[in-house]
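Let's take a friendly walk through a protein model, stopping at a few residues along the way. Have the sequence and the 3D view ready.

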Amino acid sequence: MLNGLIKSIQEIIENGFQKCLSEAKDMAKSLNITSEFTNKRTSVESKDTENKFRAQCYEALDSILSSLCWRFEKMSQISSDFNFLSGNLLSTMESEKIKLWVKDLALKYD
């Protein structure tokens, strides 16, 4: 699930921002909320405000993506360490091999 979330965020970063912005504006209109950016002086300044918003969104998405990737990597490492405890491995593994895995875990996770 986490991997799917990472891919969804990557998709938004790569080519979904405009779609998300459009959907957000549509939702704002349906809720009777202004969908325009607040800087109303000139169209150039309004466009500049939208560009700043876009940059902030990309910055936030990049931060979220980095954090998720880091967490996914760490979670995968821990899952790999404890993999021998799940499924058929534990029931089919020789007791000596289980002892080795347990000793390795005890060293790694004191």
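First, some ground rules. This is a predicted model, so local features need pLDDT of at least 70 and side-chain atom pairs count only at pLDDT 80 or more, while totals for chains, interfaces and linings use all residues. Residues are numbered from 1 along each chain as its sequence is written, and side-chain values use heavy atoms, with hydrogens and water left out.

**The core**

Which residues make up the largest nonpolar core? Six do: I6, I9, I13, L61, L65 and L68. A nonpolar core here is a set of buried Ala, Val, Leu, Ile, Met, Phe, Trp, Tyr and Cys residues joined through side-chain atoms within 4.5 Å. The elements giving two or more residues to this core are α1 (2-30) and α2. Helices like these are DSSP runs (H or I, at least four residues), while strands are E runs of at least two, and both are numbered from the N terminus. In soluble globular proteins, nonpolar side chains tend to be buried together.

Zoom in on I9 and you'll find that I9 touches L61, I64, L65 and L68, if you skip residues up to four places away in sequence. Touching, or contact, means heavy atoms within 4.5 Å.

Now for R54, another residue in helix α2. Is R54 buried or exposed? R54 counts as buried, because its relative accessibility is 19%. The cut-offs are simple: buried means under 20% relative accessible area, exposed means over 50%, and partly exposed is in between (1.4 Å probe, protein chains only). Leaving aside neighbours within four places in sequence, R54 is in contact with F17, Q18 and L21.

Helix α2 also holds E73, which counts as partly exposed at 43% relative accessibility. E73 and R54 are 19 residues apart in sequence, and their C-alpha atoms are 28 Å apart in space.

**The salt bridges**

How many salt bridges does a search of the whole structure find? It finds two. To count, a side-chain nitrogen of Lys or Arg must be within 4 Å of a carboxyl oxygen of Asp or Glu. Side chains of opposite charge can pair when their charged atoms come close. Here are both pairs:

| Salt bridge | Closest N and O atoms |
|---|---|
| K108 and D81 | 2.9 Å |
| E96 and K99 | 3.7 Å |

Take the K108 and D81 pair to begin with: K108 forms a salt bridge with D81. K108 lies in helix α4 (residues 95-108) and D81 in helix α2, so the pair ties together parts that are 27 residues apart in sequence. From C-alpha to C-alpha, K108 and D81 are 9.2 Å apart in space. Apart from neighbours within four places in sequence, D81 is in contact with W101, L105, K108 and Y109.

E96 and K99 both lie in helix α4, three residues apart, which is about one turn of the helix. E96 counts as exposed at 51% relative accessibility, and K99 is partly exposed at 47%.

**Cysteines**

What about disulfides? A disulfide is a covalent bond between the sulfur atoms of two cysteines. By the cut-off used here (a pair of cysteine sulfur atoms within 2.5 Å), the structure holds zero disulfides. C57 is partly exposed, with a relative accessible area of 21%, and C69 is partly exposed too, at 32%.

**The surface and a loop**

On the surface, I78, F82, L85, L90 and Y109 form a nonpolar patch with about 410 Å² of accessible area together. Patches are made of residues with over 30% relative accessible area and no salt bridge, with nonpolar side chains (Val, Leu, Ile, Met, Phe, Trp, Tyr) joined within 5 Å and like charges within 9 Å. Accessible areas come from the Shrake-Rupley method with a 1.4 Å probe, and for residues only the protein chains shown count as cover.

Last stop: N32, in the loop between α1 and α2. N32 is exposed, with a relative accessible area of 73%. Its phi is near 60°, a positive value in a residue other than glycine.
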